[in-house]
Amino acid sequence: MILRLFSLRLATRTVALTCIVASHRQADAENLHFTYLWHLEQPIYWPDQQPSGIDQYEDAWTSIQRTDGGAAHPENNLRDIFGWADRVAAYQYRCADAIGAISGYPEAGAQISFSGGLIKNVASLGAANQLGYGSNWNSHLSTARRWNTVGHSKPRCDIVVFPFHHSLLPLCDEATVRKEIQLYKATYTDTWGASPGVSKGLFPPEMAFSTRLVQVLAEEGIEWVIVSGEHVSRACADFPTVLGTGGINCDPPNAADQLNPAQINYFRKHIDRGCSPATAMPFGYTPHRVQHIDPDTGQAYTVVAVPAAQALGWDDGYAPQGTGSFDTLNAFNNPSRPMLVLFAHDGDNAWGGGFSYYMEATPNLVNAAQAAGYTATVVEEYLADHPVPANDIIHVEDGAWVNADGDFGAPQFLNWNWPLVSGGAIDIPGGWAEDERNWAVITAAQNRVETAEQIGGAADINEILNPSASTNAVERAWHYFLGSLNSGYMYYGTAVDMEVKPTVACNEAVEHADTVIGDGSLDTTPPTIWIPQRHPWNPGSINFGPQYGYQQFVSNGDFWIWTFAYDVSGIASVTLRYRIDVDGENPLTSSQNETYAGGAEVGSWQSLPMTYRDFPSGNVNNDPTINFFELPQYIADQYYVEVTDLREVLIDYYVEAVDGKGNIKRSPIQHVYIGDGVGGGGTGGDVVTVTPDPPQAGQNVTITYDPSGRVLQSAGQVYLHYGFNGWDPTISPDAAMTWNAVDSVWEITVPVSSSARVLDFVFNDGASIWDNNGGADWHVAVEGGEEPPQQWELDGQLDANAILIDSNAGMVLHAGISGDELYLAALDARGGNDHFLLVADTPGAMGSTPWGKAGQVAGWSAFVGNENDSGWSGWFDHGGSADVTSAGGSGFLEATINLTDEFGALPETIHVAFAAYPTADGSSLLSAMQVPASVNADGNIDATEYIAINTCDIRIDHSPFDLDRNCAFNLADYEVFVECLAGPENGSLGTCPVDVDSDFDQDGDTDLADFAQMQPNLSN
């Protein structure tokens, strides 16, 4: 299934890809381990009753036949979706082939998540022998499950348990979570074989996790679950919050979640989705236990949390990987309990789903890593070799993967849970959003289906899975209801008919449930409460993300709690209960904050009645992209309350609902730290001063720091950690401050960079204690700083400053340079072809083509690939900062790369080529479309088929008077002009060097009129 404000320490304490790696390792040390999770998923595309046969929802082959016959829904083109060659291979045999290719190593293998919806869809196509699928579609993976590691004989191919319908578990009711897992376990043996048994691991859809899930997982036999390594790290006390592209593009973590100890060292890496995940080393790459306390009984439940390497997993899905990141991480490895780097990504999308990934890049990385001393493994083997201690309990912050568009790992799961808005602004009492409307429909259906089961008796999970003629109404209600929950319906939002699918499924579900509920007189089921929502996420502190236009929003401390609630017998009351923690801490070693009973560490519960609102079910904003042709039979009501006048406290809270019969339901206990309302999370005021104010670029600034009442109050030495322009650059090493006993402050004077526009700083004790202003850092505007070079805008449209370099057969190649950044643009992939841009300082020897295409190519330094089928684009083999975008076949493929990063210095000349190949693996170069034009049309890209570009010629600030083309206009250019000058008005040019144009007025010759244009500029 993817702005520039920066903060916190990116130098010595946050370790980036440029870290110096230890020059040697102990011979007996166990280096880091690594493994894979390949995620395969397709939803039930039309969860409505199939037109004939058993009363159950449609599978892929049924939907295809219906749409072939003229049915309007689903609007998705399932022939294209399931018939794509790479998916046909991935869903049947490609993953097994890849595991077989690395099975020569003792522990090597992979985990696979194969959703229940995909199982049903592919099985239907296989039974009909359609689109390349056969009746034995699952035989390769079933066989691969029996390949064992050397050591503990664990499956090399571990098909993990997966919530059947790809439901976003943290936003689902507990009963739904349980049935989704039970459904997958029910289909497991029939699909994948009885030996080995059902996997003990689980991959949550969208990598979305909350500790609320732990009790259900443990009770359902799940022993380990894959979580986001960044959400492990965001829960650390010293997580280095950086806002914007260089860090996170969502809300900073709330202090209530930062229960893990400070880690000091972080690995940060930019990914092409527009963020730069940071993961603690080795903490965020090491499995730990995570727990949930039953709020009624106080009983603790635990499972092992296996962190996924978010940035590295993203990269692995889009480009071949080397061992450089392993080398960086391994310098911080614990040899007695080595890190486990888990690459987790889609296994059926973009480059990561194709032959080149599975059969070339994966074996190549495993071979190189094993040769370097790193161990390819599987999770089960790793955990058997390195058991997680029972007392190694950590916290994992709520959130999903960090790559989703407009989400970036938001703890609220924004991409599936956009806040209520009105008139473009967030409006909790009166707003509306299409995703929230879906959750209201789901909440109502959940209650009616659960009530039907309470009245009609327990449902048989096998009948829910595969309804038969004997399936009862309760089981059929669950069958349709669970089909409403695929997270992709909300992920893709208003695309095609996605937004109506949950309603279609829920209406089918309640139709069956209502036959059991009758008049509701037998209802004893308590209300259903959707997990309560909070806005803003960080009351009294800094918030950030797409809901704020990627600008910092400082909350005054008041905030909203709201939810949906529904009951068959009606709702009598909904109340927010909250209590204040005594000391502002919720340690993992205590359970008092986690139980309704509480204890001496927390205050007594206080109550706030929540306001009722009849939530709209229609297309409130008349969005033309949404067609609610079927409205819900039932929808939950909204309840909300504003919490005011609490500051600098930690509170626990839950929502309690009472139905018309007196049945009571309490939501899980949640926690929030409320800051001081000035953006510091309990800090601010006169803590720091800067003199002069504002600082002046190129001059000195004096900074003072008052540690009174702060974490550094007892520090014997305080250091200033500072940088400029959003911590780019960061000054290293940290500067020791001097104690001023008269004023009782630490102080220091440091120089301000001449290019500074913002001064960024925090304080530390030189060890593990930091004062980072509650995660906000300190940022002070600087006057007189130099303007940054113009940035290229990557929006799928040609940048106006780009220069046309060459064209051929309708294909174009544009380029430009700003600062050290090269910009390239060509038409994006279309017409069934993949497009490539190749860059070299000097083209190298002939070698293999990109992406396993046919023929050869003279060696490149880096290249951009743009895939026709998915519209995906990305850089490969680049050595520094780079970015890319494409317009999906309707505009331009645009890419930038920092030439100094790539080549060590800005080269005088670069060589560039554009190429197109048909999208199929092994296809041949379309020579007629090359730019520059092919020399020999031999199906190869020779060194002579790159175009040489003088970098000075394409600088957007290049002076036309720079006649010697050295990127500077000076007296040397005057000497060249003299060579070009043959005399005034003689109609001819002199002895100009080749490619030099000194006819500035374009009148046909070089004369004194041209000198008249040149001279005023030369005198400067």
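β9 contributes the most to the lining of the largest cavity, with four residues. This is a predicted model, in which local features need pLDDT of at least 70, side-chain atom pairs count only at pLDDT 80 or more, and totals for chains, interfaces and linings use all residues. Residues are numbered from 1 along each chain as its sequence is written, and side-chain values use heavy atoms, with hydrogens and water left out.

**Exercise 1.** Describe the largest cavity by its volume and its lining.

*Solution.* Begin with the term: on a 1 Å grid over the protein atoms alone, a cavity is a set of points where a 1.4 Å probe fits but cannot get out, and lining residues have an atom within 4 Å of a point. The volume of the largest cavity is about 590 Å³. Next, 36 residues line the largest cavity, and the closest to its centre are Thr211, His395, Ile669, Gln670 and His671. Then turn to the elements: β9 (288-293), β17 (533-535) and β27 (670-674) each give two or more residues to this lining. Finally, by residue class, the lining of the largest cavity holds 18 nonpolar, 12 polar and six charged residues.

Notes
On a 1 Å grid over the protein atoms alone, a cavity is a set of points where a 1.4 Å probe fits but cannot get out, and a pocket is an open set with protein on both sides within 12 Å along at least five of seven lines; lining residues have an atom within 4 Å of a point. Grid points are joined across faces, edges and corners, and a volume is the space filled by probe spheres set on the points. Ala, Val, Leu, Ile, Met, Phe, Trp, Tyr, Cys and Pro count as nonpolar, Asp, Glu, Lys and Arg as charged, and the others, Gly among them, as polar.
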